[in-house]
Amino acid sequence: MSYQSTFRRREIKYLLTKQDKEFILETMKEYMKPDHYGRTVIRNVYFDTDRYRLIRRSLEKPVYKEKLRIRSYCRAEPEEPVFVELKKKYKSVVYKRRILLPQKQVMESFDCGLPLPGSSQIIAEIEYFRSYYKDLFPKVFLSYEREAFSDVNNSGLRITFDENILYRNKDLSLSSAVYGQPLLREGDVLMEIKTAESIPLWLCHILTQRKIYQTSFSKYGNAYHCLMMNQMKLIQRRDIYVR
């Protein structure tokens, strides 16, 4: 299977209404085409320390931050390949490195504390990351329906629309069904512009016309906030019961 293993780009996010999305889809037809993934349900499992060190650091908005996840673009059985992705962000530029390995081998590696199979520069970077943060565990499952488009002139520009973003902290497997708690209000859409260059003028005109402004939205970060809020509510209910 041929796939791109390294990325360097900016990822700019916007929260849209359904009407905004439909307007953008109609207006960008002559510039963008559905990419080879098209419309998919993406599954992710994010790894972190027992005390969520990675996402807590990320939410502090440092100059440099990083995260590790596994991803599939469909329901993946244990023997099927999934992406192991190391994602870093430095001064608003995202660097992503990924490899493709059978899900069973990946999970056994993390469960048993063994190195990932194979030998490559990307595997070496992932293993260094693992050794630096010591024990990493599957912490959050995130899924969403994504509609993806690429530039007709192959400039590298991509636009994605994510809907039905769900999270949970149990049943953390890419082989499991899609379910969980929603992160967006009903009807909201998360759009991402992914580009190594500047945003084209035609796209700037669309955003200006619809008064659509850039936002900060971390799926894993928002899932973490929701989990902590739920935990606090549970503790408060227990305190009331004890009293």
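View A. I122, I123, E125, I126, F129, R130 and Y133 are the buried ones here, with buried meaning under 20%. They share one side of α4 because they span an arc of only 160° around its axis, going by the directions from the helix axis to the C-beta atoms. This is a predicted model, where local features need pLDDT of at least 70, side-chain atom pairs count only at pLDDT 80 or more, and totals for chains, interfaces and linings use all residues. Residues are numbered from 1 along each chain as its sequence is written, and side-chain values use heavy atoms, with hydrogens and water left out.

**View B. Y46 and Y220, a stacked pair.** The ring centres sit 4.7 Å apart with planes at 20°, so these two are stacked (centres within 6.5 Å, planes under 30 degrees apart; over 60 is edge-to-face and the rest tilted). Y46 belongs to strand β2 and Y220 to helix α6, so the pair ties together parts 174 residues apart in sequence. Y46 is buried at 4% relative accessibility, and Y220 is buried at 2%.

View C. Y73 and F83 meet edge-to-face, with centres 6.0 Å apart and planes at 90°. F83 is buried at 3%, and Y73 is buried at 18%. The charged end of R98 sits over the F83 ring, 4.0 Å from its centre (CZ of Arg or NZ of Lys within 6 Å of the ring centre and within 35 degrees of the ring normal).

Methods: Buried means under 20% relative accessible area, exposed over 50%, partly exposed in between (1.4 Å probe, protein chains only). Helices (H or I, at least four residues) and strands (E, at least two) are DSSP runs, numbered from the N terminus.
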